[in-house]
Amino acid sequence: FHTVRRAMGFLTRFIASGIQDDTARTEARAAHVKKVTAKCESLKDNWDQPTKVDKYWLKDKARMTVVDADSLPLQEGKRPVW
C-alpha cells in the first residue's frame, strides 16, 4: 500500500508541475489578443488604400485588356481577365 501511495504522490507532483499558472495564462492570452488586434488594425488601414494607381484604366494596356475581353464571347465557367 505504501508503494502505491508513493507512486501516486509522484504522479500528482508530475501532473501539478505541468499545470500552468492562471495569471501567466491570462497574461499570455492578453498579449496574444493585443498582437492580433494590432495586426487587424493595420490590415484595415491597408484596405482603405486604393488597389490601382490614379488613372489606371485610362492607360492603353488596361483599356486593351477590357476591349479584348469584351470582344471575346464568355465561355462556361470563365470570367473576364481583368
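By about how much of the helix are Phe 10 and Phe 14 separated in α1? The two residues are 4 apart in helix α1, so about one helical turn separates them.

1. Basis of the note. The model is a predicted one, in which local features require a pLDDT of at least 70 and side-chain atom pairs a pLDDT of 80 or more, while totals for chains, interfaces and linings draw on all residues. Numbering starts from 1 along each chain as its sequence is written, and side-chain values rest on heavy atoms, with hydrogens and water left out.

2. Confidence. The mean pLDDT (the predictor's confidence in each residue, from 0 to 100) is 80 for the chain, and 80% of the residues score at least 70.

3. Architecture. The chain contains 3 helices and 0 strands, in the order α-α-α from the N terminus. These elements are DSSP runs numbered from the N terminus: helices are H or I with at least four residues, strands E with at least two.

4. Of the 82 residues in the chain, 2% are buried. Buried denotes under 20% relative accessible area, exposed over 50%, and partly exposed the range in between, with a 1.4 Å probe and protein chains only. The chain exposes about 8200 Å², of which carbon and sulfur atoms supply 60%; such areas come from the Shrake-Rupley method with a 1.4 Å probe, and for residues only the protein chains shown count as cover.

5. The aromatic pair. The ring centres of Phe 10 and Phe 14 are 6.4 Å apart and the planes stand at 20 degrees, so the pair is stacked. Rings of Phe, Tyr and Trp (its six-membered ring) pair when their centres lie within 6.5 Å; planes under 30 degrees apart are stacked, those over 60 edge-to-face, and the rest tilted. Both Phe 10 and Phe 14 are exposed, the relative accessible area of Phe 14 being 55%.

6. A nonpolar surface patch. Phe 10 and Phe 14 also belong to a nonpolar patch on the surface with Met 8, Leu 11, Ile 15 and Ile 19, and together these residues have about 650 Å² of accessible area. Patch members have over 30% relative accessible area and no salt bridge; nonpolar side chains (Val, Leu, Ile, Met, Phe, Trp, Tyr) are joined within 5 Å, like charges within 9 Å.

7. The salt bridge. The structure has 1 salt bridge, a term for a side-chain nitrogen of Lys or Arg within 4 Å of a carboxyl oxygen of Asp or Glu. Asp 22 and Arg 25 form the bridge, with their closest N and O atoms 3.0 Å apart. Because these residues are 3 apart in helix α2, about one helical turn lies between them. Asp 22 is partly exposed at 46%, and Arg 25 is partly exposed at 42%.

8. A polar contact. Thr 23, located in helix α2, joins its side chain to that of Asp 21 through a polar contact of 2.7 Å. Such a contact is a pair of N or O atoms within 3.5 Å; within protein, one must be able to donate a hydrogen and the other to accept it, and residues adjacent in sequence count only if both atoms are side-chain atoms. Thr 23 is partly exposed, with 47% relative accessibility.

9. A backbone point to inspect. Most residues other than glycine have a negative phi. Lys 55, although not a glycine, has a positive phi of about 60 degrees. Lys 55 lies in the loop between α2 and α3 (60-71) and is exposed, at 56% relative accessibility.
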